Amino acid sequence: MPTTFQWIAPESLSSYLTTELNSLADSTSDTTGFSAVGAEIANETNLYQYINLELVIATQGAARSAGGFVTVYINYAADGTTYDDTSNKAFTELLAVFPLDAATTARRLTKTNLPIPPIDFKMLVLNDTGQALAATGNTLKYRRHNEQGV
């Protein structure tokens with residue numbers, strides 16, 4: 001009899017980055033502070049296979065650039081403790097790109113079923129919207145899930 005795969009109920013939605021995203025500078029500006037790195041997410045015990053991301057961008061003070069986006073990079077601790085330089089996207093792996101329109105309007109964007117290996121990791125967010133993010137109300141949340149054979 002062939003195996004059928006079903007989703008297992010995902011964990012609850014968890015806040016990952018909140019105030020760290022507020023007033024986050026654009027990466028093309030001459031200022032620092034255009035990326036934010038979160039805390040470690042343990043994935044060596046529960047062994048989740050996938051992660052879903054929800055990015056909320058609050059209303060910005062000036063219109064985003066045409067073709068603007070926010071990227072999320074992932075950085076793994078292959079040995080269970082040591083991470084690469086998480087302040088530099090060159091040392092991380094691209095996880096998701098959230099394209100945005102050239103407006104000031106608040107946006108809620110979701111990416112689903114992004115594969116993650118069974119090791120601990122951190123995520124880095126990079127602002128490429130052409131403007132600093134709003135002073136309040138920006139968040140990145142996640143929830144992990146698995147599939148099972150029945």
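The following legends describe close-up views of a predicted model. Local features require pLDDT of at least 70 and side-chain atom pairs count only at pLDDT 80 or more, whereas totals for chains, interfaces and linings use all residues. Residues are numbered from 1 along each chain as its sequence is written, and side-chain values use heavy atoms, with hydrogens and water left out.

**View 1. An open sheet of four strands.** The strands follow the order β2-β9-β4-β7 and pair in the antiparallel sense. Strands are DSSP runs (E, at least two residues), numbered from the N terminus, and two of them pair if DSSP finds at least two bridges between them. At the edges of the sheet stand β2 (14-17) and β7 (107-115), each of which pairs on one side only. On average, neighbouring strands of this sheet are turned by 25° against each other, direction ignored; the axes are lines fitted to C-alpha atoms, and angles run from 0 to 180 degrees between N-to-C directions.

**View 2. The pairing of β4 with β9.** Strand β4 (residues 50-57) and strand β9 (residues 139-145) run antiparallel and are joined by seven bridges. Tyr50 has His145 in β9 as its bridge partner.

**View 3. Leu47, a residue with positive phi.** Leu47 is located in the loop between β3 (35-37) and β4. Its phi is positive, at about 55°, although Leu47 is not a glycine. With 42% relative accessibility, Leu47 counts as partly exposed; this class lies between buried (under 20% relative accessible area) and exposed (over 50%), computed with a 1.4 Å probe on protein chains only.

View 4. Asn113 belongs to strand β7, which is an edge strand of the four-stranded sheet. The phi of Asn113 is near 55°, a positive value in a residue other than glycine. Asn113 counts as partly exposed because its relative accessibility is 34%.

**View 5. Strand β5 and its two pairings.** Strand β5 (residues 69-76) is mostly covered, with seven of its eight residues buried. Six bridges link β5 to strand β6 (residues 93-99) in the antiparallel sense. Eight bridges join β5 to strand β8 (residues 121-128), and these two strands also run antiparallel.

View 6. Which residue of β6 stands opposite Val72? That residue is Ala96. In β8, Val72 has Val125 as its bridge partner.
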